[in-house]
Amino acid sequence: MNDLWQAFFKAISLVVTLDDKLLEIVFLSLRLSLSAVGIALLIALPFGAVLALTKFPGRRILIVIINVFMGLPPVVVGLFVYLLLSRSGPFGVFGLLFTPSAMIIAQVILVVPIVTAITRQVLEELHHEYDELLRSLDVPWYRKVTALVWDARFSLSTAALAGFGRAISEVGAVMIVGGNIDHLTRVMTTAIALEARKGDLVMALALGLVLLAVALGINLFAYSITETVKRRHQ
Amino acid sequence: MIKYPSILPLKIESLNYEAGGKQLIKNISCEFNQGKRYLLLGPNGAGKTLLLRLCHGLLKPKSGKVMWSLDKDVKPKHHQAMVTQRPVMLRRSAYANIDYALSVRGVDKAQRPDMINAVIQRTGLTRVAHKLATVLSLGEQQRLAIARAWVLKPQVLFMDEPTASLDPPATHSIEELIHEISAEGTTVIMTCHDLGQAKRLATDVLFMFRGRIKEMSSADAFFTGPQNDLAQAFLDGQLIWWKRRPDKDDVQI
């Protein structure tokens, strides 16, 4: 038990003293996850909006597929991306396997269904609420979309956060396509897995603490924005 | 006052509407003229709200026509507004709700603040202007819905039971607003279930029953002696258990 406490305090010390190795892993994790979420938002927000606001054949099936994809096993996604990017795969010529780019691709595939599903749900409900008013005002479709997205911005930020949560905490897919290479593709989750297996609990715990702090910080930030806006209007 | 060419009279011709295999509006023809306050009366399910929505273009008729007095430079939809029974509020401040309606109609950004402040003052919403619209009381939301419609200076204002579920003071303030809007030349076409309110507001009454207009007359004529026996039964509060007189077989019920 004493060893555990010692490891815990040493881990805190690593975090407080801003250990170089720790920082390198943390910044790489944040860079990859934020990039993946940014790209996923560019794809998922318009896709979710189209699913929410338009009717076309096969829409319902598409919604079911998206909902199923929300629960995609990361290792399967990792394997799929691995096969696509491996030298004998269709995109092998780009030489992306075991690079941060491959990890971003895997994370984008994992995040897009989550953001799309939440965006569709949020916008569809709001559209249902606003529809009569917007039609009464004869609002053109592009202004409808901007009004809905603007008024749903806080709910949509939840979608982005859910996506970020999925990306930053993911281990299986990024391990397969990134290879957990030191100074290149080692991120917090893969490093924790490696260090724990090696028995280096100090580094594993330190990274775990940072991972928790990042998740907590981002959620607190989103919560404070929502509360500030609410207070301003009351 | 109205600056654009009038989109009135509104002529309804052989209007039919069907939903779920049931014909809910049956061969309605009528005409609405400028500057009047039309009250659509009738029991629940008579088709009053449907008729408003068909006139405003929110529903498409199965057959028949809704004809505005068209001018090539005037888009009828842009000279009408509607206030619904349960007001739909954008998730923004009361001020921003009104601003949005003006921006959609292409009103210049510099002109909007004066117009918004004026309508907010006239509807008594100054105190809550910067509050989130969705947290306002139902009465305040209804006044905001009216303000949002009024600021557009509509030639025709459709109102679907605007005082349903409001207390007497809130109802009174809405009625005053309706009189003010009408005094500016806007034609008001509204539904209600309150005969007292209908007497206070209406210049003309349309009595509907099961998807048909049974009587259309001036408010005075309607309330002193309606021609239709169903309308008389409605005024007497006897429509539910009312039986047709044997000599009145002109209407299929």
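Which residue of strand 2 of chain B is the bridge partner of B:L10?

1. Basis. This is a predicted model, in which local features need pLDDT of at least 70 and side-chain atom pairs count only at pLDDT 80 or more, while totals for chains, interfaces and linings use all residues. Residues are numbered from 1 along each chain as its sequence is written, and chains are lettered from A and ligands numbered from 1 in the order in which they are written.

2. Sheet of chain B. The partner of B:L10 is B:F32. Strand 1 (residues 10-19) and strand 2 of chain B pair in the antiparallel sense over 7 bridges; strands are DSSP runs of E, at least two residues, and helices runs of H or I, at least four, numbered from the N terminus. Pairing requires at least two DSSP bridges. The open antiparallel sheet has 3 strands of chain B in the order 2-1-4, with strand 2 (22-32) and strand 4 (63-67) of chain B as its edges.

3. Contact between chains. Chain A contributes 13 residues and chain B 17 residues, contact meaning C-beta atoms, placed from the backbone, within 7 Å. Helix 5 (100-136) and helix 6 (141-151) of chain A each supply at least two residues of the chain A side; helix 5 of chain A gives the most, with 6 residues.

4. Confidence. Chain A has an average pLDDT (the predictor's confidence in each residue, from 0 to 100) of 91, and 97% of its residues score at least 70. Among the elements of chain A, helix 5 has the highest mean pLDDT (96) and helix 10 (residues 201-233) the lowest (83).

How values were computed:
Two residues are in contact if their C-beta atoms, placed from the backbone, lie within 7 Å.
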